[in-house]
Every structure is written in C-alpha cells, then in structure tokens.
Amino acid sequence: MITSDRAPTRTDDSGRARLPDRSGYTTAGDGVRLAYDVYGSGEPTLLFLPSAPIVHSRQWKGQVPYFSRTHRVVTYDGRGNGLSDRPTTPEAYHDDLMTSDIASVMDATGTERAVLIGLCVDGVWRSIRLAAEHPERVLGIVAFGIGVPRIGPVQEHYKTAGAQFDDELPVYQGWGNYNRHIWTSDYERFARFFFTEITSEPHSTKAIEDATRWAVDGSVDAMLAEREAAFPWDLEGIEATVGNVRCPILLVHGTEDTCQRPERAQRLAELTGAPLVLVEGADHMIPGRHPVLANLLIRDFIRSLPEASNDGR
Amino acid sequence: MATVLAPESDPPVDTTRARQPDATGFIERDGVRVFWERYGEGAPTLLLMPTWSLFHSRHWKFQIPYLARLFRVVTFDGRGNGRSDRPEESAAYADTEYVADALAVLEATDTHRAVVIGMSMGAGYALRLAAEHPDRVLGAVFIGATIPILDRDPATPEIQVDPSFEEPPTDDSDRGTYYNANYWRRDYPGFAAWFVGEKVFTEPHSTKQIDDGIGWALETDADTLVTLEYGSYLSPPEDWEREPADGRALLFARRVRCPALVIHGDDDHISRWAVGERLARELHAPVLTIAGGGHAPQARWPVLVDRAIRDFVRGLEVSP
C-alpha cells in the first residue's frame, strides 16, 4: 500500500491573498489521495496543474487571487507534495497516473471541461496528453517553460549531473548538487541551488525563497521515486500525441530558460501551429517571477477562445 | 543670486515608466530651476513632496500610476537631484526653500489646495508646509517621518550635523565610518550602497528597491549632499514659543490644522517608529504601523501605502 515518509504539509497557507471556497480530497486509481482547492466562479474553469513532487499548488500564488475574481479556479497538490499523499515507489509516478490525476481532480470537483495551465513537464506534457486522449475535457492549454520530453535537446547540465546522480563526488558544486547524496543529506541545499539556477533573473529572491520552501514541504523519497519512474514514450509517440491535440494552445517561454531549452518551445510551436510568446531575458519560472505578464497572457488567451467555451459547463 | 549648476542636458524620456506625466515644467526661484510633473485629472490634487536629495521624484514611482487614476497628482524633483538644479550654497537647501518651491509648483500647476504627502525628510517639508500655509493644505500624510520631535532622545542624529561629519572617521561604527563628508567625497557610490542597501531598505527581497535607490542617489553627487547637510531643517521662527524640552518639530505639528495620517515601519533604521508615533499623537492622527517595515514603505509596501493614501484622501471632506 502507500507509504509516505512524512506527514503531508503545506506551509505558507496563512498569508494567502485568497482562501479557497472549497477544499477536498480525491482518491486516484491507485489509492493515492490528492488534495484540491476550488476558488471563485465563472466559466470557463481554469485548472492549474502541479509541478510535483518538487513543489505544490502554491506555485500558482501569483495567479489564483487574480483569476478567482472572474473564473472558477481549481488547483491541486500533485502526488508527492503538499497535502497530497507521498508514495515512495516509482510505479506511483508513472506518466499514466500523473495524467489521469488531472481527470480525477476534474471529476471530483465537477469540472467537465477546463482550460489547463501548466509549467514544465508535469504541467505541459500532461496537459497535452489529456487534450490528445480526452479532447472533450480540455478547452485550451496555456503552457509555460515548455516541458515536452524528447522533442528538443535537454539542457547539458541535466545530462552531466544526471549521469553521476548516484555517485559520491569529492565536492558537490554547482549542478553537482543535483545528486542523490545531497538530496538525502541536505535537501534544502539542493532546492535552494536548483531554484536559484532556474530563477536567475535579478530581483528573484522572493520567488527563490518561496519555491525552496515548497520543495522542503515535500518528500525526498518521493523525488527519488519520481526520478526512477518509467516514461514509456519515444519521440514518435510524443509527436503523434502532440499531433492529436485540437484545442487552442498558447506557448510562453523565456529566452534564458535554464530548465527547458527554448528549442523545445520552438519545436512544439511548429508541431502544433500554436503561437509562442518568447519572453526576452526571462528564465523558467515566469508565472512566479512575472505574474502580471503571465496573468495578462492567460486572460487574453481565455478571451480568445470560441464563445462555446463560455457557455457553462 | 545663487550660483547654480544645472544638469548638463535633459535626460531622454524614460519609456519604462508605467505612466507618463500629462504636463511638465520648471519653476525658477532665485536662479534655481526646479522640475515638476503633473498627472491625472481627478480631485483633489495630491502634492508628492521631495525628500532628502539623495533621491528625486522617482521615489514616488509606485504611487503615481495608481493615484493618478483617482486623483490629480503633482510632484517635483527636490533641488539637488533629478532634473532640478544643484545650487552651491547651503542656504539654498533650507527646508524653507523646499516649502517655497512647493508653493511655486502649486502656482505653476494652478493648484489652489492639495493633500501633501512626504517621506523621510520630505515629511518634514510637508509638516512645515502644512503648519505655515494651512490655506493650501487639505490634508497631510507623513511616511517614515525623519523629524526632530524627540529631542531628548538622540535617535535622529542624521538631521543634525555632527562636528565629526567633516573630519576623518574616528569611530568604527558603520555610521561613524559612512555618514561622513570625507567618505562621501572619496567613495560616494559606497555611501549610497550602504545607506540605501543597509539602512533604508532593511526588509528581505528589496533588491529592486535598492537598485533603484542607488541609481537615484548616483544622479547627484557628494558635494551637493555635503552642501545640503548644512541647510537648516525645521528651525522654528524665533517668535514661536517653545518649551525647552520639546523636540522642535513639535512646534510645527501644533500648528497643523488639517487631517493627517502617519505611516511608519516598526523596523525603520533611519527614523524610529517612536518618531512617527509622537507626531501622530501631536496631530491626533491615526498611525498606520507597518510590521517589519523599514524606512521607505511607499517603495517597499506600495499596495498597502497606496490604499491607505486612497482611503485617507477619500475620507477628507473636500469642497469642489
């Protein structure tokens, strides 16, 4: 059954600008409990996807209060962080489960269809999968820091650090912190390093501090399990899936993104014909670091959707 | 006539501003030109006062775009920074000159009465304006007020010129080292970085405010600030009665008749919270205490401050 290495926590809840109107849990197909929050009213529903298990749903703190004024907003903590369960087996982080979690939360919150908004692989690839496999549930996708595996090159530092992830190193410097022994001995050090790297613009201290805290809310064992989860897709399968998406998409990517290279965004734009907003000088964490820009892009995208999207659920 | 150093040329339009002024101009008094800006069409007019000329009117950058949607906003660069002149005599930097500049800017912008808002030393200029020209002031907001109101308490030495100011640093406190004319002349950017980065903005996550503030500081120079240091500040007219133990700013506060609001951080490293609290008590004004706030909450806590200003102004009974 499910084993969690620590009790679910989600600090940083007391200072929220907007509290949820309803919170609850849904149980995924494998028994993992997922914590969700629902805010506001107004169609279409906006579903903000998790980038778990490294952070939890507070990653959308710059979006939730703004959109809750005009729309129904749903967020959830991805498995492995926040108030959701923290399974510690790689099978629990299989791509199929991470994708079906989206539908589970939609079912539990009575959300037939939604605009999906996501960041990086967990937010972008899985929204594309859901839109390809269940087009009736996805009205549109806003994708930040485009994380679709294999369609473009991986950042070199992930290759280098990934190759020696399990090794004991004489010193752990720079991306050497992306290492099992740092994760298990000083996870906060890794988290602070990682978010400092991928939030590299000036004046990002709050964004880095927030993300580091959300990471520390989570579970190292969940991170290790997720790292070993199978990802049973080759390039051909991924491109075929992308090709099956019919809903409107907006792509947003920073020119200085040190997590996902801009080539992936360019390639996804080619494959889908979706507009790509390249944000000059921005790194990976655009929704947190540039909330006004991100919110106006999302707002205008929603306004551009066909009328039928706004006809009620 | 004063000797005047003018900025060498007009700066290019700053296209990064969230809101451009609707009108700009200069007033000139005794050969000193002072640059003003006007925004918005609402009522009443808010006059955003200059502060210590380490900064210029961009220290109101988070107030202007918001408040100009609701009210008419006038601001000006204090003499000694920005697009205003840098006179070379200390007398030209007396608080009475800043007050007279404010009155001239009100004339130039056809403003009969205004709500005056000042921060740090600008709160002192606003206080003097409100005390001496009650017919021009509808209300007053004092932010991080740096005024000699607790005279028996040496908590505000920065507004008195210490004899050691012109001597080589003698004590090894950071204040003794950095708040010194010799140091300013030797390493003015170092002083600006210390003052703005370690004394004004003490809150976490202030890197942008610190960058901005150092940038404004570098638009003037050490000689100008040393000259300004000897300008008189809140010296009451001789014929005003006073109790020996009173901080001299109290004499001004007692003459203020308009509604007032005091905003002060409880972690202000330039002017202690007790200064704002004492001012508020004298004015019978509410004090908005910003928990964890430093010296410049209008820049570091703009939403809080803007809303407090909005609500204060809306609460005034303003006849058209």
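The following paragraphs treat the salt bridges and then the interface of this predicted model.

**Salt bridges**

Over all chains, the count comes to 40 salt bridges. Side chains of opposite charge can pair when their charged atoms come close.

| Pair | Closest N to O distance |
|---|---|
| A:R126 and A:D95 | 2.8 Å |
| A:K159 and A:E156 | 3.1 Å |

In the salt bridge between A:R126 and A:D95, the closest N and O atoms are 2.8 Å apart. A:R126 belongs to helix α3 (residues 120–133) of chain A and A:D95 to helix α2 (residues 95–108) of chain A, so this pair ties together parts that are 31 residues apart in sequence. Both A:R126 and A:D95 are buried.

Helix α2 of chain A also contributes A:D107, whose partner A:R137 lies in the loop between α3 and β6 (138–146) of chain A; the pair therefore ties together parts that are 30 residues apart in sequence. A:R137 counts as buried because its relative accessibility is 14%, the cut-off for that class being under 20%.

The pair A:K159 and A:E156 is placed within one helix: the two residues are three residues apart in helix α4 (residues 156–163) of chain A and are thus separated by about one helical turn. With a relative accessibility of 48%, A:K159 counts as partly exposed. A:E156 is likewise partly exposed, its relative accessible area being 46%.

Shared partners also link salt bridges to one another: A:D95, A:D96, A:D122, A:R126, A:R129 and A:E133 are joined in one network.

**Interface of chain B and chain A**

Four residues from chain B and four residues from chain A make up the contact. About 430 Å² of area is buried between the two chains, and carbon and sulfur atoms give 57% of this area. On the side of chain B, B:H205, B:T207 and B:K208 supply 90% of the area that chain B buries against chain A, more than any other three residues.

Which kinds of pairing occur across this interface? The residues of chain B on the side that touches chain A comprise two polar, two charged and no nonpolar residues.

Conventions: Residues numbered from 1 in each chain as written. Chains lettered and ligands numbered in written order. Predicted model: local features only at pLDDT ≥ 70, side-chain atom pairs only at ≥ 80, totals over all residues. Heavy atoms only, no water. Contact = heavy atoms within 4.5 Å. Buried area = accessible area lost by both parts, 1.4 Å probe. Nonpolar A, V, L, I, M, F, W, Y, C, P; charged D, E, K, R; others polar. Salt bridge = Lys/Arg side-chain N within 4 Å of Asp/Glu carboxyl O. Helix = DSSP H or I, 4+ residues; strand = E, 2+ residues; numbered from the N terminus. Buried < 20%, exposed > 50% of the residue type's maximum accessible area, 1.4 Å probe, protein only.
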